[in-house]
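Here are my notes on the ligand site, the pockets and the cavities of the model below. Please read them with the structure open.

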Amino acid sequence: MCPDARRASQHSRQPGDTQQATTGADLIGRKPEEALLQSEERFRLLVESVTEYAIFELDTEGRILTWNQGAQRIKGYRPEEIIGQHFSIFYTPEDARGGRPQRGLEQAAARGRYKDEGWRVRKDGSRFWAEVVIAPVRDAAGNLLGFAKVTRDLTDRKRQEEEIATAEERLEALVEERTSELVKANERLQAEILLPRRLDQLVLLQLVLDRSPIACVMNDTDFSITYWNPAAEQIFGFSKEEALGKLPYETFVPHTARAYVESVRERTAGGDTGANGASECVTKDGRAIFCEWYNTPLKDSAGTFIGYLSMLQDVTERKRSEEQFRASSEQLRALAARLQSAREDERTYVAREIHDELGQTCTALKMDLALLVQQLPKNRRRAHERAQSMVKLIDDMIHTLRRIASELRPGTLDDLGLLAAIEWQAQEFESRSGVKCHLALPQAEIALDSDRSTAIFRIFQETLTNVARHANATRVNVRLVGDAESLTLEVTDNGKGIDETRASAHNSLGLLGMRERALLLGGEFNVAGVSGQGTTVTLRVPWAG
Ligand SMILES: Nc1ncnc2c1ncn2[C@@H]1O[C@H](COP(=O)(O)OP(=O)(O)OP(=O)(O)O)[C@@H](O)[C@H]1O
Ligand SMILES: [Mg+2]
């Protein structure tokens, strides 16, 4: 049977003739065999009697060709009302306008199957949730004859799904609500637990501030005092009531310190947490005191600057004692310097007296004795021997007197200068101690005032004495070098090496004296030893004090 003939037969069916409703089998072609006819009939009856599904055929344009019981039950149309109508009647106006029915047919034709779910409209206008499957019907040559459409009413399932979704939403909302209630309850609980703790901390803080011996003063951003602890009351004499709301300049900062305090204030407001210092303050009764202070910017939890915290300590007494100590140290140093120079003057005087007076006298004595010897008769052999021994004694005395005078104050130092004096002293030391002395001195004489020359020479002497007494050395290196600013003397021995504790001991008077002499000249003195290797004494003296 050709497709056109079949279509003609389909259109000839009477609307409303539900028993006549055909299935897709009609479209495929009628077989001549009886058995086949029977089977076809059974299939038609089967489709016809299905009530769960709307099963119907459409022509290639989408017009309804057949209608089963299920279709009638689900959509509400009787066959005679619907056959021949376009199937877009079942779609909502929006879907129909949007071309959904046509798209269904096109996709079914193109892909062999089209499946869709959505709202559809019954005859009475009510809507139901439909699951739709459209399949193309083709002849043996593959030509499109029409479509088979199966629709299932899933409204109940949809409703159930929606109910479940709504229930889930409600549940979620409930869980959310309960969770937020729990969070709030937890916060309340935390607050109840934490508040006393916070209060404890506040009480503790208050206690610390109240008992602090340090004055704590807070100011707002305009610098007005907002906090004044008992130590502040005690140090400055202003009560809390008198201080609060006032500016520091109206209370404890004197006008003389205002510019300085303002500069510190600016630094602190700029975030500088290290604004520490000391300045003069004034008490309520007008007493000038000296305070050390530490300033910190105050910030809230968001980091916004909200004021200043100053912690102040009255250090007037300490400052006074420090000044007194400094003054007495200076006095002592001046006294030591006086003593040194008096001692040096005395030594110079005594040395000169010994050299000039005693030396002259001895020489005169020697000359007189020589005259006496000349006048002695030749035969007085014993008298001559006595006189010879007297001359020798006088010579020894002259020699001893010269040595004593030199030791007291070497004439070389005054007559020939520091370099010659150092050379002379080194020779003396070498010949007396047997310790080799190597000198490295500047070629040209150095211009130094007498105080400096004397101090350097005396320190050199004392250092060599220490080497001889304590070092157990075999060699000493002496180096004197000058640069633009200062002169440096370095004496190194190869002895046992001074140990650290002795080098810095307060009762080492020899070293202390050397250090003092260096300080008086504005210089530095240092002793360092390496055990078993030796000791180095370094003296640096500026050219001018
Ligand atoms: N060159 C050195 N080598 C090793 N030890 C030394 C040297 N110079 C000093 N000392 C040690 O340092 C100590 C302190 O020296 P310091 O000159 O102050 O005192 P002193 O020589 O003992 O006594 P004085 O007051 O008579 O000088 C010495 O007792 C000695 O132990
Ligand atoms: Mg000594």
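1. Helices (H or I, at least four residues) and strands (E, at least two) are DSSP runs, numbered from the N terminus. With that naming, helix H12 (316-375), helix H15 (418-433), H16 and H18 each supply at least two residues of the lining of the largest pocket. H12 makes the largest contribution to this lining, with ten residues.

2. On conventions, this is a predicted model, in which local features need pLDDT of at least 70 and side-chain atom pairs count only at pLDDT 80 or more, while totals for chains, interfaces and linings use all residues. Residues are numbered from 1 along each chain as its sequence is written, chains are lettered from A and ligands numbered from 1 in the order in which they are written, and side-chain values use heavy atoms, with hydrogens and water left out.

3. Pockets and cavities are found on a 1 Å grid over the protein atoms alone: a cavity is a set of points where a 1.4 Å probe fits but cannot get out, a pocket is an open set with protein on both sides within 12 Å along at least five of seven lines, and lining residues have an atom within 4 Å of a point. Grid points are joined across faces, edges and corners, and a volume is the space filled by probe spheres set on the points.

4. The largest pocket has a volume of about 880 Å³. Its lining comprises 31 residues, and those nearest its centre are Arg343, Arg458, Glu462, Gly510 and Arg517. By class, twelve of the lining residues are nonpolar, nine polar and ten charged, where Ala, Val, Leu, Ile, Met, Phe, Trp, Tyr, Cys and Pro count as nonpolar, Asp, Glu, Lys and Arg as charged, and the others, Gly among them, as polar.

5. Which pocket holds ligand 1? Ligand 1 sits in the second largest pocket, meaning that more than half of its atoms lie within 2 Å of the grid points. Around ligand 1 there are 13 residues (a heavy atom within 4 Å), and the closest are Asn466, Arg469, His470, Asp493 and Leu511. Helix H16 (450-471) gives the largest share of this shell, five residues, and helix H18 (509-520) also supplies at least two.

6. For polar contacts (pairs of N or O atoms within 3.5 Å), an oxygen atom of ligand 1 lies 2.7 Å from a side-chain N or O atom of His470, and a nitrogen atom of ligand 1 lies 3.0 Å from a polar side-chain atom of Asp493.

7. Among the 17 residues lining the largest cavity, Phe252, Val253, Val261, Asn295 and Ser310 are closest to its centre.

Conventions: A polar contact is a pair of N or O atoms within 3.5 Å; within protein, one must be able to donate a hydrogen and the other to accept it, and residues adjacent in sequence count only if both atoms are side-chain atoms.
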